[in-house]
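This report describes selected features of a predicted model.

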Amino acid sequence: MRTLMRELVVVTGASGGIGAAICWRLHADGYGVIAQYGVSHERARALGERIRRDGGFFEAIACDLSSPDGPSTVTQAVQAMLGANRDHTLRGLVNNAAKLLGPAFGEATVDQFDDYMAVNVRAPFFLSQGLAPLMPPGGSIVNISSASAHFSSPGDIVYAMTKSALESLTRNMAEAIAPAGLRVNAVVPGFTDNGHPAFQNPAAQEYMSSFSVLGGVADPDVVAEAVSFLISDRARRTTGTVLDVTGGSTLGARHRRASSVRALLPDT
Ligand SMILES: NC(=O)c1ccc[n+]([C@@H]2O[C@H](COP(=O)([O-])OP(=O)(O)OC[C@H]3O[C@@H](n4cnc5c(N)ncnc54)[C@H](OP(=O)(O)O)[C@@H]3O)[C@@H](O)[C@H]2O)c1
């Protein structure tokens, strides 16, 4: 009996709001999903059940990416899956897992700093280093950055720094993996409703909406759509870039802020 040839994509942080939407979208695009997550077993299990029930390929890897061994644990598990499914190939990697917002400049401890760097920067670096050699030409890596890398966000300074580093990794890695026929890009989301209770809080909602010139916050499908494009051959000439889906949050404009200082000055 002939087995179905499948292209697989590894998605980290698959148990989170955006990660689950990315997995579902890649499944809808026809890819098999290898989903990494940390501790949210029930969310990962429910996602896997949904994708398999819809006829898709789904395998999960539970792993702590703050540990130095985390990325190699994932790489070895992916190698084993490819070995057991000889008709499957590795199409891509989405570095989506992250520790979110915080800590502030005056409060950050050395341990917190190292933990953010480990999950948000070191893990994507070594996952990419480990998994890129397993991808045939045409493979694609997508790093999920954040609008916070593009404006001052002192209350979230360490998080923001990790996302700047991730975008630097994107630019530098693009040239390193190009000879193998591989691409890497970043997606830059603004506030995106990941299911956290903050998105139901009116004051928090108003604050988050004030960042986008279009108003409101995004739903996770917005990020998944950008990932779908960058993983696919539709983006075959796109590498080393960032795709901004922040709704204009990085333009510097804010709700209630004048469009120019000139608007505040009397006519001359
Ligand atoms: N939501 C937003 O407004 C927003 C805005 C800009 C950028 N982003 C970016 O979008 C991406 C997804 O965020 P999200 O909103 O979906 O967040 P989320 O719902 O909190 O999900 C975070 C994911 O990362 C995983 N994770 C965190 N620490 C981990 C660790 N030590 N080891 C392994 N896995 C770990 C979590 O797994 P477990 O829960 O299973 O441990 C979870 O799957 C992140 O890169 C984030 O920076 C989000």
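## Arginine 6

Strand S1, which comprises residues 6-11, contains arginine 6. This residue has 15 C-beta neighbours inside 10 Å and therefore counts as partly exposed, since the buried class requires 20 or more and the exposed class 12 or fewer.

Leaving aside residues up to four places away in sequence, arginine 6 touches Gly32, Phe57, Asp87 and His88. Arginine 6 also lies 8.6 Å from leucine 90, C-alpha to C-alpha, although 84 residues separate the two in sequence.

## Surroundings of the ligand

The shell around the ligand holds 27 residues, of which Gly13, Gly16, Gly38, Ala98 and Asn194 come nearest. By class, the shell divides into 13 nonpolar, twelve polar and two charged residues. Helix H1 (residues 17-28) gives the most to this shell, with three residues.

## Helix H7

Helix H7 covers residues 220-231, twelve in number. At 1.5 Å a residue, H7 should span 16 Å, so the 17 Å between its end C-alpha atoms agrees with expectation.

The buried residues of H7 are Pro220, Val223, Ala224, Ala226, Val227, Leu230 and Ile231. Because these residues cover an arc of only 160° around the axis, they lie on the same side of H7. Their packing partners are S1, H1, strand S4 (88-95), strand S5 (140-144), strand S6 (183-189) and strand S7 (242-245).

Terms used
Residues numbered from 1 in each chain as written. Predicted model: local features only at pLDDT ≥ 70, side-chain atom pairs only at ≥ 80, totals over all residues. Helix = DSSP H or I, 4+ residues; strand = E, 2+ residues; numbered from the N terminus. Contact = placed C-beta atoms within 7 Å. Near = placed C-beta within 6 Å. Nonpolar A, V, L, I, M, F, W, Y, C, P; charged D, E, K, R; others polar. Expected span 1.5 Å × (residues − 1). Arc of directions from axis to C-beta.
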